[in-house]
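The sequence and structure come first.

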Amino acid sequence: MRVSVGVDLHKGQFTVYWMSEDRSVGRFERYGTYASGFEKFERELRMYVGAGHRVEVAVESTGNTRYFKNRVERVGVKVRVINTLKFKVINESVKKTDRHDAQTIAEFLEKGMLPEARLCSEASEELRRLLNSRRVLVRTVVALKNQVHGLLLGYGIETRRGSLQSKKGRRRILTVLAEHGLAGQAVEPLLETIDIVGGEVKKLEKILAEKVRGDRMVELLMTIPGTGLITAATVRAYVDDIDRFISYKNFSSHAGL
């Protein structure tokens with residue numbers, strides 16, 4: 001007998017609808033996304049598998065879907081990840097509840113009507129995490145520099161855009177403030193923070209360089225004039241496996257061009 005399991009996954013808990021094809025099973029359960037919650041869910045999966053049932057699980061693509069999928073597939077149960085954007089039945093549902101969503105997923109899973117999403121490889125996902133962390137830090141540096149420029153302008157000191165790019169240039173700002181008889185207590189902590197955050201950006205870039213070392217796609221991309229490590233690593237992370245595209249038109253469509 002086939003058992004279709006619909007999962008509405010959230011950060012702190014997930015709601016599950018267990019449904020058998022003969023409707024002898026049809027029940028809701030809620031589990032926590034902590035160790036004991038996952039273990040309880042996995043025990044129930046093993047119970048159905050051990051009884052000879054063919055079990056399949058379906059879950060929408062969210063931030064913790066990969067972790068959920070990896071845990072469940074270690075039990076020996078296939079997990080189908082739903083393309084949420086294409087699954088309009090839930091997105092546009094008037095009756096929007098966890099129980100309703102879980103049951104709808106189970107019913108569509110049983111009918112084989114779920115639009116599936118493709119999860120990238122774990123290596124590509126790790127690259128994405130590193131790139132996202134770097135982007136957050138770079139934005140922080142830019143915001144700090146803008147704040148410094150604004151403070152200096154308030155002192156009547158106009159600075160060029162690139163004057164804060166190097167440590168030497170940033171230290172020169174304090175010298176200029178001293179020459180104007182200004183203490184610069186408001187500016188100095190910002191400059192020190194720029195140094196610290198900038199150092200973390202460089203650390204991440206070294207890690208990224210190591211992660212993509214020997215990657216043929218990155219090497220080829222970096223032969224294009226104007227394409228550096230970050231651009232090449234970003235393309236690598238979000239394309240994932242270039243062989244999954246049957247033509248350049250297919251790839252262009254994926255990229256939204």
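How many positive and negative side chains does the chain have, and how far apart do the centres of the two sets lie? There are 44 positive and 32 negative side chains, with the two centres 4 Å apart. Lys and Arg count as positive and Asp and Glu as negative, while His and the chain ends are not counted; each charge is placed at NZ of Lys, CZ of Arg, CG of Asp or CD of Glu.

The model is predicted: local features need pLDDT of at least 70, side-chain atom pairs count only at pLDDT 80 or more, and totals for chains, interfaces and linings use all residues. Residues are numbered from 1 along each chain as its sequence is written, and side-chain values use heavy atoms, without hydrogens and water.

**Overall form**

The C-alpha trace spans about 85 × 40 × 35 Å along its principal axes. The radius of gyration of the chain is 26 Å, whereas a compact globule of 257 residues would have one near 18 Å (taken over C-alpha atoms; the rule is 2.2 Å times the number of residues to the power 0.38). Buried residues (under 20% relative accessible area, 1.4 Å probe, protein chains only) account for 39% of the 257 residues. The chain exposes about 15,100 Å², of which carbon and sulfur atoms supply 53%; the areas come from the Shrake-Rupley method with a 1.4 Å probe.

**Helices**

The chain contains 10 helices and 5 strands, defined as DSSP runs (helices H or I, at least four residues; strands E, at least two) and numbered from the N terminus. Two helices are set out below, with the expected span being 1.5 Å times one less than the number of residues.

| Helix | Length | Span, first to last C-alpha | Expected span |
|---|---|---|---|
| α4 (residues 98-111) | 14 residues | 20 Å | 20 Å |
| α5 (residues 122-154) | 33 residues | 48 Å | 48 Å |

The buried residues of α4 include Ile-105, Phe-108 and Leu-109, and also Asp-101 and Glu-110. Just after α4, Gly-112 has a positive phi of about 70°.

In α5, the buried residues include Leu-127, Leu-130, Leu-131 and Val-148, together with Glu-125, Arg-134 and Lys-145. Their cover includes α2 (65-74), α6 (167-179), α7 (188-211) and α9 (229-239).

Glu-42 belongs to helix α1 (residues 35-50). Glu-42 counts as buried because its relative accessible area is 7%. Apart from neighbours within four places in sequence, Glu-42 is in contact (heavy atoms within 4.5 Å) with Arg-71 and Val-75.

Technical notes: Buried < 20%, exposed > 50% of the residue type's maximum accessible area, 1.4 Å probe, protein only.
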